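Please look at the sequence and the structure before reading on.

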Amino acid sequence: MDRIHTEPEDDIAVDPTTHITTVYGDDWQSETTSIGSSLYRGLEENGRRYQTLSNKEYLIPSDEKQFDCYEAGHLVALVMDSDQENPLFRSPVKDPKNILDLGTGLGNWAIDVADMFPTTTVRGVDLFPPPVTWMPPNCILEVDNIAEEWTWNEPQDLIHMRIMIGSFSDAEWKRVYKQCYDNITPGGWIEQLEASPYIECDDDSLPADSVLRSWGPSLSACGKRAGRPLETIDTMQDALRETGFVDIRQKEYKWPIGPWARDQKYKEAGTVNYQHWMSGMEGWAMWLLCKFGAPQPWSQEEVIVYVAKLRAELKNPRYHIYQRARRVWARKPLLEQGAQAETSESVTIKTEQ
Ligand SMILES: C[S@@+](CC[C@H](N)C(=O)[O-])C[C@H]1O[C@@H](n2cnc3c(N)ncnc32)[C@H](O)[C@@H]1O
C-alpha cells in the first residue's frame, strides 16, 4: 500500500510593522518593467494575445503584460528555495547530459540551469519563441506543442515543468507524463513545481466576504467547465506514480502574497509574489471567465472590474495571505521491468523539509 507523508510548512509568522508604509516603504507596490518583443504574433482577444496551435489555445496570454508575471513567478520560486545549494531543482541528477524544460515560457529556468551546468545541453520548449536576446551556448529554446507527439531523440536525464496548471485536460496530462517517461533515461528524473490558484489565510485577517476569497473557487469552476482542471498541485504526485515513476519526493510551500511575513525570506518572496499576482491576474482570468464564467460567460469589462477589486484588496498589507505550492520529483526505474520490480519503499511518496 503506497503511503503519502505530508508535512506542510509551518504557519508563517507575521511582521507587525508592514502595514506602516514608512517602515517598509511603498516600493513593493510598484509595477515591474515590461519586456518588449515583436518576435511573434498570436490570436488577439479581449485585449490580450494568445498562442494557438492545432486549433487549441493556451488559456494564459503570451504578451508583454504576462511576461512580467512569468519573471516574477521565476523569482518567487528561487527566493523560496534560496536556502538550498541548488534552488532550481531537487532531483539528484549526477553529471546530466540532457535536461528538458517543458512549457519554458521566457526560458528563465532553462537559462539558469544551463548556466549552472555548462556541459549539459538544456532544451526549453514552448508554444512561442521567447523574447530573449542572449542565452548560454548550451541552452536551446524551441517552439513545439508538447501535447502532440514528441520528436526529441536524446534520452533526458531530467525533465522539468513549472506552473503548467490549466494547460491540459486529464487525458492530455496522461499523455504528457507518458512521453516524459518514455524520453527519460532509466534512473533519470522528472520534476514539477505547481502553485494553487486558491488564496489562503491561516488567521482571520482576510475578511470572510473578501473578493480575494472568491478567486480560487471561481477560477477552479471555470477550469472544470473548460476541461482543464486547475488542481494539478494535488494530482501530479499520483499521476507520476501511475505513469510508473518511483522514489517520489515532495516539498510543500506556502508562498506569501505581500510583504507581511516577519522572516526575511518569506518577506522577499511575498513582495515578489505580490508583483506576480498584480501582473498575472488579468491574464489568468480573462480567457477562463470570458469563455466559461458563471452564470454565463463574462464580458471583458466585467473581468477588468473584477480584477480591479482583487488588486485593491491585494494592496492591503494587513491581509496575511498566501497560496500553496508543491514541488514533486520522481525517478524512472532503473530496471526494464518498471515500478513492479522496485521495492515498495521506492513507490512511497516522501515529504522533504
Ligand atoms: C504559466 S507559464 C510558465 C512558464 C515557465 N514554466 C515558468 O515557470 O516560468 C506556462 C507555459 O506553458 C506553455 N505551454 C502551455 N501549453 C503548452 C503546450 N501544449 N506546449 C508547449 N508549451 C505549452 C505556455 O505557453 C506558457 O509559456
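The model is a predicted one, and in soluble globular proteins nonpolar side chains tend to be buried together.

**Nonpolar cores**
- The largest nonpolar core is made up of 56 residues, and within it the most contacts belong to V76, W255, A285 and L288.
- Two or more residues of this core come from each of several elements, namely the helices α2, α5 (212-226), α7 (264-292) and α8 (300-314) together with the strands β9 (184-195), β11 (246-257) and β12 (321-331).
- Helix α7 supplies the largest share of this core, with 14 residues.
- When neighbours within four places in sequence are left aside, A285 has contacts with L219, V303 and V307.

**Helix α3 and its cover**
- Helix α3, which spans residues 108-116, has N108, W109, A110, I111, V113 and A114 as its buried residues.
- The cover over the buried residues of α3 includes one helix, α2 (64-80), and the strands β5 (98-102), β6 (121-126), β7 (139-143) and β8 (156-162).

**Position V305**
- V305 lies in helix α8, and it counts as exposed because it has 12 C-beta neighbours inside 10 Å, where the cut-off for exposed is 12 or fewer.
- Between V305 and E282 the C-alpha to C-alpha distance is 9.9 Å, while the two are 23 residues apart in sequence.

Conventions
Residues numbered from 1 in each chain as written. Predicted model: local features only at pLDDT ≥ 70, side-chain atom pairs only at ≥ 80, totals over all residues. Buried ≥ 20, exposed ≤ 12 C-beta atoms within 10 Å, placed from the backbone. Helix = DSSP H or I, 4+ residues; strand = E, 2+ residues; numbered from the N terminus. Contact = placed C-beta atoms within 7 Å. Core = buried A, V, L, I, M, F, W, Y, C linked by C-beta atoms within 7 Å.
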